[in-house]
Amino acid sequence: MLTTCPSSPPRPPSLSNANTAEGTEVFYGEENVVNLVVQFASKSGSKIDACIDRTRPLLATEIKPLKEAFLAAKSRGVKLRYITEITTENIPYCKELMRIVDELRHLDGIKGNFYISDIEYLAPATMHAEWKPASQIIYSNVKEIVEHEQYIFDTLWNRAIAAEEKLKEVEEGRVPEKIEVLHDTATTLNRYLHGLCNAKSRWDYYADQESLFVPFSDPSIRTELQNAKTRGLRARVLTAITRENISFCKEILEIVEVRHLDGIKGNFGVTDTDYIAISAPTEEQSIPNAVYSNVKEDIKQQQYVFEILWNKAISGEQKITELEEGIMPQVIEVINDPAESSILYQDILRSSKKEIMLLFPSFRAFNRQKKDGVLDLLIKAPYHSNVKVRLLVPSDENTIKQVENSLYSNPNIDIRYLESNASTTKSTILVSDREVSLVIELIDDTKEHFIEAIGLSTYSNSKSSVLSYVSIFENLWALTELYQEVKEANEKLEIANKQLIGKEEKQQALTSSLEKTNEELVGLSRLLSKSYAELSAANKAKEEFMSMVSHELKTPLAPMKLYTEMLLKSKSSFGNITEKQKKAIQIIHNDILRLEVLVSDLLDVYKLDIGRLKLKKTEVDIEQLVNESIAEFMPLAKDKRIKLGTDVRTSGTIKCDPGRISQVISNLVKNSIDFVAQDKGRVIIRVEEERSEKEEKQEKDVSISDSTAAPKASSGGNHKVVFTIEDNGPGMHGSDTDHLFKKFYQIDTTATRKHGGTGLGLAICRGIVEAHGGRIWLDKTYTTGASIKFTLPRNDVTQ
Amino acid sequence: MKVLIVDDNEELTDAVKDFLDSIGIECKVTNEGKEGLNEILTERGRYDLILLDMAMPQFSGYDVLDTLKKEGVLKSENIVIFTASSITDNNIDDFLAAGAKEVLKKPVSLDELSQVIEKYRS
């Protein structure tokens, strides 16, 4: 179809020809090209689509006839869509072009040009010089070609971006991916602001105490953060909230989400599109050098890091409440890394407010720490003027002198010397404000540096462990006084000795008695520290073991229970089973249930033992509580033809954990049902207000609940409700009953053996009742069966 | 009705599946937490009931709940925590508050299982 026209001079384009017949031709010469484009524009019906390279916007706006032709077309209602490559050089022309056309888009690296109207296709070609009008042009009105080129245009159009967007990018210098170092504060803040304004979904900022304030120091950033939520931006800050920065944290909590993580060091901020990390502020530069990156991989990585840390952190509100109310989550932590221990050691020294107690394992250890500068904080830091510091240093006569010479003039520091054999501790023990302790194990006293000499250390803010260390320290401190007294007494005695040689024996006796006291005290403190450590380790191990055992025991029971129940179902998919088989499976099933009860009883007893039974107390209607507790036994009672009834002589509510009290009632009712005779059996649950003090006293006299089970709350002023579970069974008699509420105790009768049970039920009942501030006992005055009573305070007295 | 069971105890999932099969309820089993999570996320809303074990190796039920909470789908799914709960059950309360429906304690009886299934039957 393509016919070239080699004629020279160029003939004018035969537009009439183009109008009538379909064809494709090439025309030469600038003038022809311009004419053809002008005519093309004036003939277009409804639209012109153009794809032009970066040099064309200049021509489209500078060549008057062309510009006018397109404007005229536009005023006729022709829609003009242009694609070009916007570069720094052609910006002014592109802007001009945007005023001419309906829509301009940008695409990188466009080569060549073409125009398409409803019916025609033009492709001007610049052969030699850029920025010059084309010297030849291909024209076609062949329908297929027009359609084909239209398709190409549409494809390019869809890949192109809005000119406005590209202009902004070029003009504001937003360059493709880069990493750069920012050296001044203004630029850094500007980048923060820019990143924040461009952030679409996230603005995450991780910062230690020193650098936390940086972005917030710019009011525009604060304002932008305030608006963040309304445009769906999630702004999050992860930092270490401390007493020092608490008010600042509260301030920023108003505009961003804040979470807390202990021991945060360093700084970085990451948004959807960029990442800024600043190095630690120095004295010269409050906002130091920063690294900026908009490299996708960097950002992704940092977002990932942030997410991990964020998920580990606790809510800022919670941490603030903890700090404000002085609650510290109680922890005991073992630190393996000596370097970390050293940092923590100094942090604790630095943050002490009132009091420091410090016991050294040896004189060498003391000297080593002093030389290594670990103790500089104590000696040099001015804010320690309000902190009372006491040091205990193992030493002897000679070394004392050595220290005395280099001793600090600070009046707040009190140093005492322990006889080297008085303390055999192998650790540096630090207690700060009687709230926090750090015990650093000494592993090699011959080493020169602190970090080399130490091993594991144990940090604790648990009240009981810290107080144990306080008492060890105080004991040793007192010991030094004692030692001083001994020394003084010795001196006096020596004088006396000279005068009265005959009194020698007395002196010896006194000395040895004092020395003995000395030894006893040392022994005591050693024992205390050792047993405490053993106890807490053992408790933890025990708890983990119990948790594991109960879970492991329940796991195999689960499928066993389901399968036996499915086998026992009359219409099971396993088919029918014989009566004999059914009996066997029934026995297996009963035993599964017994095991299940045993496991959960064991766990209950254990929780009661370690005080971990958590009561969920609510106000409960008494009558409803009783009725619901016995509902499950109604079918059983009916089966056995036993009378099971309630007699509630009081009304209203009681504050208790309904699940647990229900467990107590069920347990007692179940026992009674097991023991009463078929047909004639009777079990009654009675509830009434407590009777007078006098009556109760009589009752207490026959109480078999042992002495430790005495009611915790005095009855004066607190109304109590008495629950009685009474039956007409054989009852309980004799000395057996004294152990009734103890663990694993079962009265040895055939009936008990027949009924099984774990021997834990009554111990659990007692634990639950006592945890509620009530008591439980066997009413020995009731002789026509068994009667167990328990009380619960009406009002919550345990809080 | 469609039920999903996520539990690493294969014997237990066999038992539950056998029971559900016998009463004609469609049921899918996965024995790994991660797999269970993916199933919930891809099938979003298509299960009427999801029984989720807590103590699973590698990716636990807590991890599954955590992720669902973050994805914002914990409330919209009928998740029943299926656990032999032990001493430390504080976290479970948190998840119940955040949208898990209830706790079904192991070892479960056929009656308890049937009741839960009835409750979520669509």
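## A:E324 and its partner

In this predicted model, A:E324 is partly exposed, with a relative accessible area of 47%. Its side chain pairs up with A:K250 in a salt bridge, where the closest N and O atoms sit 2.5 Å apart. The two residues come from distant parts of the chain: A:K250 belongs to helix α10 (residues 246-253) of chain A and A:E324 to helix α12 (residues 316-324) of chain A, 74 residues apart. A:K250 also counts as partly exposed, at 38% relative accessibility.

Have a look at A:E120 and A:K43 next. Their salt bridge brings the closest N and O atoms to 2.4 Å. A:E120 sits in the loop between β6 (114-116) and β7 (121-125) of chain A, while A:K43 is in helix α2 (residues 30-43) of chain A, so this pair ties together parts that are 77 residues apart in sequence. As for cover, A:E120 is buried, with a relative accessible area of 2%, whereas A:K43 counts as partly exposed at 27%.

A:E89 and A:R54 make another salt bridge, at 3.6 Å from N to O. This one links two loops: A:E89 lies between β4 (79-84) and α5 (91-100) of chain A, and A:R54 lies between β3 (47-51) and α3 (56-62) of chain A, with 35 residues separating the pair. A:R54 is partly exposed, at 24% relative accessible area. There's also a network of salt bridges, which links A:D647, A:R649, A:R686, A:E688 and A:E726. Over all chains, the salt bridge count comes to 44.

## A buried asparagine

A:N267 is found in strand β14 (residues 267-271) of chain A. It's buried, with a relative accessible area of 8%. So what does the side chain of A:N267 join in a polar contact of 3.0 Å? That would be the side chain of A:S211. A polar atom of the A:N267 side chain also lies 3.4 Å from the backbone nitrogen of A:I278.

Leaving out residues up to four places away in sequence, A:N267 touches a set of neighbors that includes the tyrosines A:Y192, A:Y205 and A:Y206. A:A207, A:I276 and A:A277 are among its contacts too.

## Where the chains meet

At the interface, 25 residues of chain A are in contact with 25 residues of chain B. The area buried between the two chains is about 2,100 Å², and carbon and sulfur atoms give 65% of that. How many salt bridges are there between chain A and chain B? The count is 0. Polar contacts do turn up, with 6 residue pairs across the interface.

On the side of chain A that touches chain B, the elements giving two or more residues are α19 (504-568) and α20 (579-609) of chain A. α19(A) gives the most, with 15 residues. By class, that side has 9 nonpolar, 6 polar and 10 charged residues.

## The chains as a whole

Chain A has 26 helices and 31 strands, and 46% of its 799 residues count as buried. Residues 24 or more positions apart supply 74% of the chain A contacts with a separation of 6 or more. The accessible surface of chain A comes to about 41,800 Å², with 53% belonging to carbon and sulfur atoms.

Chain B has 5 helices and 5 strands, and along the sequence they follow the pattern β-α-β-α-β-α-β-α-β-α. Of its 122 residues, 52% are buried. Chain B exposes about 5,500 Å², and carbon and sulfur atoms supply 41% of that.

Terms used: Residues are numbered from 1 along each chain as its sequence is written. Chains are lettered from A and ligands numbered from 1 in the order in which they are written. This is a predicted model: local features need pLDDT of at least 70, side-chain atom pairs count only at pLDDT 80 or more; totals for chains, interfaces and linings use all residues. Side-chain values use heavy atoms; hydrogens and water are left out. Helices (H or I, at least four residues) and strands (E, at least two) are DSSP runs, numbered from the N terminus. Buried means under 20% relative accessible area, exposed over 50%, partly exposed in between (1.4 Å probe, protein chains only). Accessible areas come from the Shrake-Rupley method with a 1.4 Å probe; for residues, only the protein chains shown count as cover. Contact means heavy atoms within 4.5 Å. Buried area is the accessible area (1.4 Å probe) that two parts lose on being put together, summed over both. A salt bridge is a side-chain nitrogen of Lys or Arg within 4 Å of a carboxyl oxygen of Asp or Glu. A polar contact is a pair of N or O atoms within 3.5 Å; within protein, one must be able to donate a hydrogen and the other to accept it, and residues adjacent in sequence count only if both atoms are side-chain atoms. Ala, Val, Leu, Ile, Met, Phe, Trp, Tyr, Cys and Pro count as nonpolar, Asp, Glu, Lys and Arg as charged, and the others, Gly among them, as polar.
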